[in-house]
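Subject: Structure for your review

Dear colleague,

Please find the structure below, together with its sequence. My notes on the findings follow it.

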Amino acid sequence: MNSAASEHCFIPIDASHISTVWHWRNSDRVRANMHYDKLITWDEHEHWFEALRQDIDRECWIYCQHARPIGVLNFSDTQRKVMQWGCYLGEVNCAPGSGLILEWAALEYAKQKTNCIGLDAQVLSFNTAALKLHKLFDYELMKIESGGMRRRDEQSELTLFDIHFFHYAMQKWQQHREKVLTKLPKPIQRGCQQVTFLSKEQE
């Protein structure tokens with residue numbers, strides 16, 4: 001990676017990240033908040049990666065802090081006017097506020113897409129941290145649907161959960177981004193302002 005890269009940069013996923021991302025996806029902490037919470041086999045993971053590489057409608061970015069991969073930022077429907085996005089931190093010993101920077105990065109990336117007019121996200125109702133982040137950034141809650149039953153850990157009973165559907169209009173983000181930035185702690189503001197997306201040629 002370019003030595004001049006920002007301390008908060010995003011690089012396109014490639015074959016060198018496959019093993020790391022597989023371990024992240026299978027960690028209890030990440031799986032617990034995903035639609036699909038079963039362990040992922042290596043074959044399933046390889047198939048996911050190959051399908052991702054061939055799909056022009058999806059993008060997967062690796063979030064790096066000081067050149068160290070720590071998480072993932074996913075986009076789908078990238079050729080449409082409204083994109084979908086999701087993210088997770090794969091590492092636990094990250095800089096404080098890394099989730100806030102991921103939220104900022106998603107909206108800033110969508111803003112760069114000239115054909116994108118909005119960004120959608122889905123959050124499971126027990127993922128309270130993500131729900132708080134979306135509220136802080138002023139996402140619009142569009143609807144809530146039943147998600148089914150989920151056992152939070154091996155000891156717990158099956159409980160009902162919902163799926164929260166959020167939307168952010170890019171026109172609104174253009175108007176509110178500075179206001180949102182001022183609500184964040186100073187170190188997080190600096191981190192957000194350092195966010196960069198590097199193409200393969202810039203790595």
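In these notes, a residue is buried under 20% relative accessible area, exposed over 50% and partly exposed in between, with a 1.4 Å probe and protein chains only. The model is a predicted one, in which local features need pLDDT of at least 70 and side-chain atom pairs count only at pLDDT 80 or more, while totals for chains, interfaces and linings use all residues. Residues are numbered from 1 along each chain as its sequence is written, and side-chain values use heavy atoms, with hydrogens and water left out.

Glu50 belongs to helix H3 (residues 42-54); helices (H or I, at least four residues) and strands (E, at least two) are DSSP runs, numbered from the N terminus. Between Glu50 and Ala15 the C-alpha to C-alpha distance is 9.8 Å, although they are 35 residues apart in sequence.

Asn26 is found in helix H1 (residues 18-26) and, because its relative accessibility is 15%, counts as buried. With neighbours within four places in sequence left aside, Asn26 is in contact (heavy atoms within 4.5 Å) with Arg31, Lys38, Leu39 and Ile40.

The strands

Two strands are taken to pair if DSSP finds at least two bridges between them. Strand S1 (residues 8-12) pairs with S2 in the antiparallel sense over five bridges, and Ile11 has Ile62 in S2 as its bridge partner. S2 is joined to S3 by eight bridges, and these two strands also run antiparallel. Glu59 has Phe75 in S3 as its bridge partner. The hairpin of S2 and S3 has two residues between the strands, and His66 takes a positive phi near 50 degrees there. S2 is largely enclosed by the rest of the structure, because seven of its eight residues are buried.

Strand S3 (residues 68-76) pairs in turn with strand S4 (residues 82-89), in the antiparallel sense and over six bridges. Phe75 stands opposite Trp85 in S4. Five residues lie between S3 and S4 in their hairpin, and Asp77 in the turn has a positive phi of about 55 degrees.

S4 and strand S5 (residues 118-124) run parallel and are joined by three bridges, with Met83 opposite Leu119 in S5. The chain passes from S4 through H4 to S5 in a right-handed β-α-β crossover; right-handed here means that, with the strands pointing away from the viewer, the path from the first strand over the helix to the second runs clockwise.

The nonpolar cores

A nonpolar core is a set of buried Ala, Val, Leu, Ile, Met, Phe, Trp, Tyr and Cys residues joined through side-chain atoms within 4.5 Å. The largest one has 37 residues, of which Phe10, Leu73, Phe75, Leu119 and Phe137 touch the most other members. Its largest share, nine residues, comes from helix H4 (residues 98-112). A second, separate core has 16 residues, among them Ile13, Ile18, Trp24 and Val30.

Leaving aside neighbours within four places in sequence, the contacts of Leu119 include Phe75, Val82, Met83 and Trp85, as well as Ala106, Leu107 and Ala110.

Aromatic and charged side chains

Rings of Phe, Tyr and Trp (its six-membered ring) pair if their centres lie within 6.5 Å; planes under 30 degrees apart count as stacked, over 60 as edge-to-face and the rest as tilted. The whole structure holds 14 aromatic pairs. One of them is edge-to-face because the planes of Trp24 and Tyr88 stand at 85 degrees, with the ring centres 6.5 Å apart. Trp24 is in helix H1 and Tyr88 in strand S4, so this pair ties together parts 64 residues apart in sequence. Trp24 is buried at 4% relative accessible area, and Tyr88 is buried at 11%.

Trp61 and Tyr109 form an edge-to-face pair as well, 5.4 Å centre to centre and with 65 degrees between the planes. This pair links distant parts of the chain, with Trp61 in strand S2 (residues 58-65) and Tyr109 in helix H4, 48 residues apart.

A charge sits over a ring if NZ of Lys or CZ of Arg is within 6 Å of the ring centre and within 35 degrees of the ring normal. Arg25 lies over the face of Trp48, 4.5 Å from the ring centre, and the charged end of Lys172 sits over the ring of Tyr168, 4.9 Å from its centre.

With kind regards
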